[in-house]
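Hi everyone, thanks for coming. Let me put the sequence and the model up on the screen, and then we can walk through a few places together.

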Amino acid sequence: MRKKTFAAAALLAAATLTLSACGSGNDGDSVATVSVGSGSTKAATVLDQPFDKPDLVLTDTHGEKYDLRKETKGHPTLVYFGYTHCPDVCPTTMSNIAVAKKALPKAEQNDLRVVFVTTDPGRDTPAELGKWLKGIDPQFIGLTGDFAAVRAGARTVGISVEPTTKDKNGKLVSVHGTQVIAFSPKTDGGYVLYGESATVDDYTKDLPKLVEGANP
């Protein structure tokens with residue numbers, strides 16, 4: 001897999017992460033994309049200045065408080081911001097990770113934390129999140145809570161999130177960045193980004209390295 005190193009600070013400063021209006025029937029509003037060269041199809045972007053893990057304390061699918069930093073400390077962690085009513089990017093991304101996860105040894109599957117943070121907390125209650133994630137992978141962690149807190153946490157890792165609005169057809173959509181961020185179990189730093197083009201094969205090849213905190 002080809003990969004290119006970028007500074008996390010530069011990503012933030014240049015607002016380089018793409019937004020997607022899931023289920024809106026169009027490409028959604030977008031900002032400048034990460035420059036990876038013409039025709040690049042690489043999935044992983046390795047950051048030379050990792051992101052700090054978002055300081056988020058939200059509610060999990062059991063209705064309990066979940067401190068993201070505390071609960072995932074020392075574990076390989078994948079974080080994604082999306083919502084359950086998304087008909088395309090979000091379920092595909094989560095399903096790809098779920099399939100790839102099954103290729104890991106059982107102990108590594110249990111060590112891996114996959115965290116789905118809703119960008120549509122008005123509809124994604126703990127119960128709704130739990131039901132949706134159970135159909136993908138029961139071990140996946142779903143978090144919901146105050147939208148302002150979710151948005152602020154997302155911004156610390158360069159992910160843009162907009163409030164849920166109605167599109168021209170009257171359908172509710174959530175516009176959000178579609179990157180998966182991998183955090184190292186060694187440093188807890190977010191050092192790898194995956195775009196929505198990442199496939200099951202990409203995650204299957206990379207997860208064994210990510211659970212060790214190594215570069216893919």
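Let's start with a question: which residues line the second largest pocket? Before I answer, please keep in mind that this is a predicted model.

Here is the lining: Asp60, Thr61, His62, Tyr66, Gly130, Leu133, Lys134, Asp137, Pro138, Phe140, Ile141 and Gly142. The volume of this second largest pocket is about 150 Å³. If you sort the lining by class, you get five nonpolar, four polar and three charged residues. Helix H5, residues 126–134, and strand S8, residues 141–144, each supply at least two residues of that lining. H5 gives the most, with three residues.

Now stay with one of those lining residues, Asp137. Which residue does Asp137 form a salt bridge with? The partner is Lys101, and the closest N and O atoms are 2.9 Å apart. Asp137 sits in the loop between H5 and S8, while Lys101 belongs to helix H3, residues 89–101, so this pair ties together parts that are 36 residues apart in sequence. Both Asp137 and Lys101 are buried.

Let me show you some others. Glu162 and Arg151 meet through their side chains at 2.8 Å, N to O. Glu162 lies in the loop between helix H6 (147–155) and strand S9 (165–166), and Arg151 is in helix H6, so here the parts tied together are eleven residues apart in sequence.

For my last stop, please look at strand S11, where you will find His176. With a relative accessibility of 0%, His176 counts as buried. What does the side chain of His176 reach? It reaches the backbone oxygen of Phe81, at 3.0 Å.

Gln179 has a relative accessible area of 9%; the cut-off for buried is under 20%, so Gln179 is buried. The C-alpha atoms of Gln179 and Gly82 are separated by 9.6 Å, although these residues are 97 residues apart along the chain.

Methods
Residues are numbered from 1 along each chain as its sequence is written. This is a predicted model: local features need pLDDT of at least 70, side-chain atom pairs count only at pLDDT 80 or more; totals for chains, interfaces and linings use all residues. Side-chain values use heavy atoms; hydrogens and water are left out. On a 1 Å grid over the protein atoms alone, a cavity is a set of points where a 1.4 Å probe fits but cannot get out, and a pocket is an open set with protein on both sides within 12 Å along at least five of seven lines; lining residues have an atom within 4 Å of a point. Grid points are joined across faces, edges and corners, and a volume is the space filled by probe spheres set on the points. Helices (H or I, at least four residues) and strands (E, at least two) are DSSP runs, numbered from the N terminus. Ala, Val, Leu, Ile, Met, Phe, Trp, Tyr, Cys and Pro count as nonpolar, Asp, Glu, Lys and Arg as charged, and the others, Gly among them, as polar. Buried means under 20% relative accessible area, exposed over 50%, partly exposed in between (1.4 Å probe, protein chains only). A polar contact is a pair of N or O atoms within 3.5 Å; within protein, one must be able to donate a hydrogen and the other to accept it, and residues adjacent in sequence count only if both atoms are side-chain atoms. A salt bridge is a side-chain nitrogen of Lys or Arg within 4 Å of a carboxyl oxygen of Asp or Glu.
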